[in-house]
Amino acid sequence: MANVVVIGAQWGDEGKGKITDLLSRSADVVVRYQGGVNAGHTVVVKDQTFKLHLIPSGILYPDTQCIIGGGTVIDPKALIGELDKLETLNISTRNLFISEAAHVTMPYHRLIDQAAEERRGSKKIGTTRRGIGPTYADKSERTGIRVVDLMDAGALQEQLEWTIQYKNVILEKLYDLPPLDPQAVIDEYAQYAERLRSHVVDSSLRINTAIRQRKNVLFEGAQGTLLDLDHGTYPYVTSSNPVAGGACIGSGIGPTVVDRVIGVAKAYTTRVGEGPFPTELTDCLGRQLCDRGAEFGTTTGRQRRCGWFDAVIGRYAVRINGLDCLAITKLDVLDAMDEIKVCVAYNLDGKPCHELPGSARQFNRCRPVYKTLPGWKQSTAHCRSLDDLPKQALGYLKFLAELMEVPIAIVSLGASRDQTIIVEDPIHGPKRALLYENGASQVA
């Protein structure tokens, strides 16, 4: 039995969907614990590609319970669209459960998100404009609508009549937008409630019951560590807590039940939206990474910014999440490179900097200090064991593991399930050093 948390160790888009899908084979329950439709997981199974936004990746396994936890925010229209899409593909959704404590994204959340981002102009933070931030803001302000309210027609009517009047003032006076019709919104969301009613549960109770029954529970986060509201590169962050600690809050479990935390990181670095990015490549190498890695957002379709692997943010992610091991994805994207650089430290105002600065202004002034490694100039897409890897590719992985001071358990070499090297099963395998030996790293 193992209760495992899977998190993104960079700025999101690390390939968590594939890793979660792989680990779901051994999981009885998969829990999505935060975020909303601002996230996206892409899973490729044979010749089919599944793009999931709210529903956990484990839905592709018919016997696995999939739970959307209380720490998420749910856009009912988007969720129903996702359910319908899966069912047209003959994927059963009977084992999908939604927390009654999750908050609901309303039409005014989306409108305010879009209008506020437009008003920021050059100071925009790069939101997906899906209403996520305003939904979490209402949650903190204690004026939000929860799924349990959605299920109660009387409560929904009472809450929304007042709330929409209040939001209409903001829409009209602040953003010069037309007001919403309260009754039209109430009627629309009452229909969503009926469609989702059979999936709504006390998710914390269901999860903890599975843990007491010694089931394997997998907790999946959206986005990545550097987008965490409290521990990310603020203000260029999301509105929730993707870090491992968020799994406890967003799922309703105690920290003592977590057995292992797995961090997912690309073999290089990407980020979407605004904010500092020390290793960003804006030249032909950056375009090469983007093209070979198909670096376009699952949710927005926006092109991702690409750069070399950043071990400073990597070590930070290890510390903040208490990572036990790593899954390195998209190693194959580097196959054509003559040489590969890894950021081992920063130069900040002429002084060495080995830790992530707390200030966005300082972080924006950081310049990468690189270690250059040889490329391998051959395809790794066919590799299925460490012995299959070119010597330089294996050396690159070992270098990353030593820099991060955490073992690498999984290596992904393409989008398909079978394009993977499982060094250690993170759910059933023992905790032991793999691709990493204790000792000084080769940082120069």
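1. Which backbone oxygen does the side chain of R305 reach? The backbone oxygen of G273, at 2.7 Å. This is a predicted model, and all points below should be read that way. R305 belongs to strand β13, residues 305–307. Beyond its neighbours within four places in sequence, R305 is in contact with T269, T270, R271, G273, E274, G275, P276, F277 and E280.

2. Domain layout. The protein chain is divided into two parts: domain 1 takes in 3–77 and 203–422, and domain 2 covers 103–198. Their centres, over C-alpha atoms, are 30 Å apart.

3. The domain interface. On the domain 1 side, 22 residues make contact; on the domain 2 side, 20 do. About 1700 Å² is buried between the domains. Carbon and sulfur atoms give 60% of that area. Six residue pairs are in polar contact across the boundary, counting pairs with both residues at pLDDT 80 or more. Elements β6 (73–74) and α2 (76–88) each give two or more residues to the side of domain 1 that touches domain 2. That side divides into six nonpolar, twelve polar and four charged residues.

4. The salt bridge across the interface. How many salt bridges cross between domain 1 and domain 2? The rule finds one. The side chains of D75 and R110 meet in a salt bridge, with N to O at 2.8 Å.

5. Helix α4. This helix spans residues 132–141. Its buried residues are I132, P134, T135, Y136 and D138. They pack against β6, β8 (103–104), α3 (107–120) and α6 (153–174). R142 follows the helix and has a positive phi, near 65°.

6. E118 and R129. Here the N to O distance is 2.5 Å. E118 sits in helix α3 and R129 in the loop between α3 and α4, so the pair ties together parts eleven residues apart in sequence. E118 is exposed, with a relative accessible area of 53%. R129 counts as partly exposed, at 27%.

7. R417 and D21. The closest N and O atoms of this salt bridge are 2.6 Å apart. R417 lies in the loop between β19 (408–412) and β20 (420–422), and D21 in helix α1 (residues 16–24), so the bridge ties together parts 396 residues apart in sequence. D21 is buried, at 1% relative accessibility. R417 is partly exposed, at 26%.

8. Salt bridges overall. The rule gives a count of 20 salt bridges. One network of them links D13, K266, E295, R304 and K330.

9. Backbone angles to check. Most residues other than glycine have a negative phi, and most peptide bonds are trans. K330, also named in the network, has a positive phi of about 55° and is not a glycine. K330 lies in the loop between β15 (325–329) and β16 (339–348). Its relative accessible area is 23%, which means partly exposed. K377 also has a positive phi, near 50°. K377 is in the loop between β18 (366–374) and α13 (391–404).

10. A cis peptide bond. The bond from Y234 to P235 is cis, with omega near 10°. P235 is placed in the loop between β10 (217–220) and α9 (245–251).

11. Q223. Q223 is in the loop between β10 and α9. Is Q223 buried or exposed? At 9% relative accessibility, Q223 counts as buried. Its side chain makes a polar contact with the side chain of Q34, at 3.3 Å. Leaving out residues up to four places away in sequence, Q223 touches G8, G12, E14, K16, Q34, G35, N38, A39, T238, S240 and P242.

Conventions
Residues are numbered from 1 along each chain as its sequence is written. This is a predicted model: local features need pLDDT of at least 70, side-chain atom pairs count only at pLDDT 80 or more; totals for chains, interfaces and linings use all residues. Side-chain values use heavy atoms; hydrogens and water are left out. Domain bounds come from an automatic or database domain assignment. Contact means heavy atoms within 4.5 Å. Buried area is the accessible area (1.4 Å probe) that two parts lose on being put together, summed over both. A salt bridge is a side-chain nitrogen of Lys or Arg within 4 Å of a carboxyl oxygen of Asp or Glu. A polar contact is a pair of N or O atoms within 3.5 Å; within protein, one must be able to donate a hydrogen and the other to accept it, and residues adjacent in sequence count only if both atoms are side-chain atoms. Helices (H or I, at least four residues) and strands (E, at least two) are DSSP runs, numbered from the N terminus. Ala, Val, Leu, Ile, Met, Phe, Trp, Tyr, Cys and Pro count as nonpolar, Asp, Glu, Lys and Arg as charged, and the others, Gly among them, as polar. Buried means under 20% relative accessible area, exposed over 50%, partly exposed in between (1.4 Å probe, protein chains only).
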